[in-house]
Amino acid sequence: MKKIILILCLCMPLAVAAQQLSTKGYNADELVPAGWAHTESTGDLNKDGIPDMAIIALPNYPEGLKKRDDEFTYNFNRPVLAIYFGDEKGQLHKWKEYKELLPAMENEYETIEREVKITPRNTLIINLSFFYSAGGYSNVSNSYTFRMQQGDFYLIGEDVCELSRLTGDMRTESFNYLTHKKQTLEENAFDEKVKAKETWQNIAKEPLKRLGETELQ
């Protein structure tokens, strides 16, 4: 009996280690563990003419799951962003993984939608949308644009949008960290007759933030 328990204990770390994103593969199904929700995008990030891939995956570790009485399961695990560079044979190799970058759900009344895009302009865009079924009447959507330069990804643009579900009032702030400009657009999503108000202002010139330097919200 003691031998059986010892064998099980030795196997447990291996089982945990298996629930990780793979270091290489040919598609998202090979890279992401079975049972993990994920979204991905392909495109050329490092301008070498070879398709790369960015993946946002949501682990299903038991300690981050919570079941309701009706068996619906909430997943409070923190999502992971991973970037893979492709080779000439079509295989994808993990370049870097970010485990502390994206927010996790904090309670049962919050829903977070996550999307990743690689654009034809070789940029990486991460979209986060927050919906609250209680405790507020605002929908918040944030978008972050990164570009690879000097061997890493840097934040070059950011959009912050807040919509009131009660009035339709919507405010979008767009930051361009290359031109050091900020655009603010105020409009109404429910009434096209409301004239949109657009303003511009300069923002301070600061060093570009590296991907993973701060948590996205």
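**Core packing and strand pairing in a predicted model**

In this predicted model, Ile126 touches Ile56, Leu81, Leu101, Leu102, Glu115, Asn142, Ser143, Tyr144, Phe146, Leu211 and Leu216, leaving aside residues up to four places away in sequence. Contact here means heavy atoms within 4.5 Å. A second, separate core of twelve residues includes Ala28, Ala57, Ala82 and Leu92. A nonpolar core is a set of buried Ala, Val, Leu, Ile, Met, Phe, Trp, Tyr and Cys residues joined through side-chain atoms within 4.5 Å. Buried means under 20% relative accessible area, exposed over 50%, and partly exposed in between (1.4 Å probe, protein chains only).

Ile126 also belongs to the residues with the most contacts inside the largest nonpolar core, together with Leu81, Leu124, Phe146 and Leu211. That core has 24 residues. At least two of its residues come from each of strand 3 (52-58), strand 6 (80-86), strand 8 (110-118), strand 9 (123-132), strand 10 (138-149) and strand 11 (152-164). Strand 9 gives the most, with four residues. In soluble globular proteins, nonpolar side chains tend to be buried together.

Residues are numbered from 1 along each chain as its sequence is written. Local features need pLDDT of at least 70, side-chain atom pairs count only at pLDDT 80 or more, and totals for chains, interfaces and linings use all residues, while side-chain values use heavy atoms, with hydrogens and water left out.

The chain holds two helices and 14 strands. Helices (H or I, at least four residues) and strands (E, at least two) are DSSP runs, numbered from the N terminus. Strands pair if DSSP finds at least two bridges between them. Strand 6 and strand 7 pair in the antiparallel sense over six bridges. Tyr84 has Lys94 of strand 7 as its bridge partner. Five residues lie between the strands of this hairpin, where Gly90 takes a positive phi near 90 degrees. Strand 7 (residues 92-98) also runs antiparallel to strand 1 (residues 24-25), joined by two bridges. Leu92 of strand 7 is the bridge partner of Gly25.

Of the 217 residues of the chain, 38% count as buried. The C-alpha atoms fill a box of roughly 75 × 50 × 30 Å along the principal axes. Among contacts between residues at least 6 apart in sequence, 41% join residues at least 24 apart.
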